[in-house]
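I opened the notebook to record what I looked up in this structure. Entries follow in the order I made them.

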Amino acid sequence: MVRGLADIGAEAVLLAGAGRAVLLQIADAAVGRGVADHSTFAGRPLERLAATMGYVYAVVYGSEDQLAAMRRAVNRAHAPVRRQPDSASAGYNAFDPASQLWVVATLYDTAVTVYQQVHGTLDAGTADRIYREYARIGTALQLPAELWPASRAAFDEYWDERLAGLAPGPHAVRVAQALLHPVAGPVWLRAVMPVARLLTAGLLPEPLRAAYGLPWSPRRQRLFEGVMRFLAGVYPRLPRRLRHWPKDYYLGRIDVSSVRSMSRSASRSASHA
C-alpha cells in the first residue's frame, strides 16, 4: 500500500535527526549567518524545536486555524532576519526562496534518512508520494511550488550539488557547538545530549562532520550503529500514542485564538463595508 507524509510524519523517532537538520541548514552561508545573527537556537533550544515542529505538524496534520497561526508566527519570526551585503557578509533574507528551499530540503532528507534507518527502505511509490507532499512544508510559506525539484532524481542532483558546496563558517561552527553543548535548559536535556551529539555526528556526511569539528572514530561508529539497531528493534514496537506523542503535544500548544479573533474582525469589517 502506498503511504504518504501523514503516515510517517508523526513518528517521534524523526526528532533524532533534529541536530543533523540544523547543522546542514547553517552550513549554508546565508542561512548560517542569519541564524548566528538572529536565532535563539543556543539559548532556547526547546523553544526553537517547538516552533519548528509546531509548524511542520500544523502543515501536515493541523486545522486551518492552527496552520494560519503557525504561518503567522513563522513569518513574524522571519521578518527581522535580513541583512544587506556588506564587507562582513554576503547578506541574507529569511524570505529568500532559495534559502527556504534549502531548509525544507534538509528537513525532508533528514526525515527520510532517519525513518529508513529505523523502519527500513521505503517502497518507490511511498517514497515518491512523500517527496511530493513534503513540498507543502515550504509552499505553505514563500517557497514557489516550481522551485521544489520535480522528482526524487532531480532532488538528488540538487542535494549532491548543494552538499558539495557547503562550508560552514566560524559563526556556524559556534552555533553548532552551543547547540550541541547547551549550558541552559532542564537537567534532562543536558543528560541526553551525549546521545544527541552521537546521532547528529553519525547522521551527517563525513565532510561536514569534520568541518564542524565533531569527533569521530571506529568506536563512535560502532556506538552509532548500535544505537540505530536498538531504535530499529524497539521503537516500531512502542504504542502508537507514545510514538506520536510529540505531534499531539506540539499541535496542542498552538494558540489559534488570535487567528480566530482576526477572522471575526475581518468578517465584521466586511459586513459593515
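Is arginine 162 buried, partly exposed or exposed? I found arginine 162 partly exposed, with a relative accessible area of 21%. For these classes, buried means under 20% relative accessible area, exposed over 50%, and partly exposed in between, with a 1.4 Å probe and protein chains only.

**Ground rules**

I am working on a predicted model, where local features need pLDDT of at least 70, side-chain atom pairs count only at pLDDT 80 or more, and totals for chains, interfaces and linings use all residues. Residues are numbered from 1 along each chain as its sequence is written, and side-chain values use heavy atoms, with hydrogens and water left out.

**Arginine 162, continued**

I placed arginine 162 in helix α9, residues 152-164. Helices (H or I, at least four residues) and strands (E, at least two) are DSSP runs, numbered from the N terminus. I then listed the contacts of arginine 162, leaving out residues up to four places away in sequence: Asp28 and Trp102. Contact here means heavy atoms within 4.5 Å. I also took a distance to leucine 14: arginine 162 lies 148 residues from leucine 14 in sequence and 22 Å from it in space, C-alpha to C-alpha.

**The whole chain**

I counted 16 helices and 2 strands in the chain. The radius of gyration is 19 Å, close to the 19 Å that the globule rule gives for 273 residues, so the chain is as compact as a globular protein of that length. That radius is taken over C-alpha atoms, and the globule rule is 2.2 Å times the number of residues to the power 0.38. Along its principal axes, the C-alpha trace spans about 70 × 55 × 45 Å.

Of the 273 residues, 42% count as buried. Among contacts with a separation of 6 or more, 76% come from residues 24 or more positions apart.

For the surface, I noted that the chain exposes about 14,100 Å², with carbon and sulfur atoms supplying 57% of it. These areas come from the Shrake-Rupley method with a 1.4 Å probe; for residues, only the protein chains shown count as cover.

For charge, the mean positions of the 32 positive and 22 negative charges are 9 Å apart. Lys and Arg count as positive and Asp and Glu as negative, while His and the chain ends are not counted. Each charge is placed at NZ of Lys, CZ of Arg, CG of Asp or CD of Glu.

**Salt bridges**

How many salt bridges does the structure hold? I found 9. A salt bridge is a side-chain nitrogen of Lys or Arg within 4 Å of a carboxyl oxygen of Asp or Glu.

I began with glutamate 11 and arginine 243, whose closest N and O atoms are 2.7 Å apart. Glutamate 11 sits in the loop between α1 (5-8) and α2 (18-26) and arginine 243 in helix α14 (residues 240-243), so the pair ties together parts that are 232 residues apart in sequence. Glutamate 11 is buried at 6% relative accessibility. Arginine 243 is buried too, at 14%.

I went on to arginine 129 and glutamate 133, which form a salt bridge at 2.9 Å, N to O. Both lie in helix α7 (residues 124-134), 4 residues apart, so about one helical turn separates them. Arginine 129 is partly exposed at 31%, whereas glutamate 133 is buried at 18%. I also traced a network: salt bridges that share partners join Arg33, Asp37, Arg83 and Asp86.

Arginine 83 is partly exposed at 25%, and aspartate 86 is partly exposed at 38%.

Where is valine 81? I found valine 81 in the loop between α5 (64-78) and β1 (82-83). Valine 81 is buried at 14% relative accessibility. Beyond its neighbours within four places in sequence, valine 81 contacts Gly34, His38, Tyr92, Asn93 and Ala94.

Serine 99 belongs to helix α6 (residues 97-119) and is buried at 11%. With residues up to four places away set aside, serine 99 touches Ala30, Val31 and Asn93.

Last, I looked up threonine 200, in helix α11 (residues 187-203). Threonine 200 is buried at 2% relative accessibility. On the same terms of sequence separation, not counting residues up to four places away, threonine 200 touches Gly19, Arg20, Leu23 and Leu180.
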